[in-house]
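Please view the structure before reading on.

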Amino acid sequence: MTDPLPRNDPLPRTDPPSPTDSPPATVPLSRNSNYRLLWCSQVLSEFGFNATTIAFPLLVLAVTGSAAASGVVLGTIAAAQLLAGLPAGALVDRWNRKKVMLGCEAAQAVAAASLVVALWWGVASLAHMIVVAAVIGVCAAMFEPAEDACLPNLVPADQLSRAVAMNSARTSLGHLSGTAVGGFLFAVGRFVPFAVDVLTHIAAFAALAFLRVPAREMRPAPVHRLGREMAEGLRWVWRQPQIRVTALCAVVLNLFFSAFYLVVIVLAQARGVPSGEIGVMAAMLGVGGMLGALLAPYLHRLLSPYLSIVAVFWVLAALTPVAVFIHNGYLMGLLFFAMTLLPPTANTTIMTRQLLLTPDKLRGRLGGVIGLATGVAATIGPVLGGVLTTLVSGTQAVLICAAGITAVTVLVTVSPNLRGFP
């Protein structure tokens, strides 16, 4: 994949805004045209992305007849996103962030369109699908820090937490709708979900073209300095106690929860829970996350920052071992629903603080570092869950995950950095 933008793109130069110099709150968030353009464009884009993610393994299996090949394609998306994470954050701080987002949408539209054409002509190959998967992963690694870095410059500081929460709700909405429709679209025709993905990315590109992002100073730098800039971002994150502690605790929590999720699915199958009920269990994660994101702005104002973060850990520590006693898929779905209600509030608190604390020139690298850390946890977590289900019984595996979550919960509770969270 070629870079979506040239490395030395001549751009307007102005002094970067201070994280505390956000525009005054003149209009409510719902009437902020810039934010509405960004939010609506990504509802479409994330719908297409999730529909494609569901359809991709089905397509690979239909074309190659190999389940292993399906795993390779999905693994390519995750691997590309992880490998591109740190460089992407540094490049986002170098380049015009609006152009980065436009480039990502255009690249994904072209990649999906190439697959539609190949399927139409009957020449789709595994190598082609792996390339498309790599484009998707790299674009995700580029777009997310670019969007996060732009957000404090598009909304006033006093509306940033609400914007972060609404972005979380948007992600849950895109996941629920895309995964629900992706399989149906594939049943209509193999190329249909990818054709829909092309249209969603084109629509997102058109909306983002009207986005007005304040100009920022650009300092073109030689390629060999990219490693130094990545290291600067890592040092910044590590030297900020609140960012460092919240990131490490969130990574460990995500690691054990990802393992727990896989363990519960395996345990449900072993107990004879019907596949339809297992599907409901998985869907309830998204429903709880979306409702939690809608409640997050209100809970963010109601709870102290420390309490909003610590409550998530204690709720998960208390609810995780309950899975041992549940043998019904619908009841397990309710448990998943309860477990995902509060995390969006904690994410809102943490991300808002991170964005306001970080200078604009480093926000892309902040997103790259955090994205890499959470991506590693999301990758290793299922592996840990698989190992646990192989070595011990399902009940013991659940209790091991509960012990890990409880241990990190205790550390979060006594952390002086989190107790002083502003």
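The sections below describe the cavities of this predicted model.

## Cavities in the whole structure

Searching the whole structure gives four cavities of 30 Å³ or more.

## The largest cavity

Which residues line the largest cavity? Its lining consists of Val 264, Leu 267, Ala 268, Arg 271, Val 273, Met 281, Ala 323, Ile 326, His 327, Asn 328 and Met 332. By class, eight of these residues are nonpolar, two are polar and one is charged.

Helix H8, which spans residues 241-270, gives the most to this lining, with three residues.

## The second largest cavity

Around the second largest cavity, the lining residues are Thr 52, Phe 56, Gln 108, Ala 111, Ala 112, Leu 115, Val 132, Ile 136, Phe 194 and Asp 197. Two or more residues of this lining come from each of these elements: helix H1 (33-64), helix H3 (97-120), helix H4 (126-154) and helix H6 (192-208).

Which helix gives the most to the lining of the second largest cavity? H3 does, with four residues. Sorted by class, the lining of the second largest cavity has seven nonpolar residues, two polar residues and one charged residue.

## Summary

How values were computed
Residues numbered from 1 in each chain as written. Predicted model: local features only at pLDDT ≥ 70, side-chain atom pairs only at ≥ 80, totals over all residues. Heavy atoms only, no water. 1 Å grid on protein atoms, 1.4 Å probe; cavity = no way out; pocket = protein on both sides within 12 Å on 5 of 7 lines; lining within 4 Å. Points joined across faces, edges and corners; volume = space filled by probe spheres on them. Nonpolar A, V, L, I, M, F, W, Y, C, P; charged D, E, K, R; others polar.
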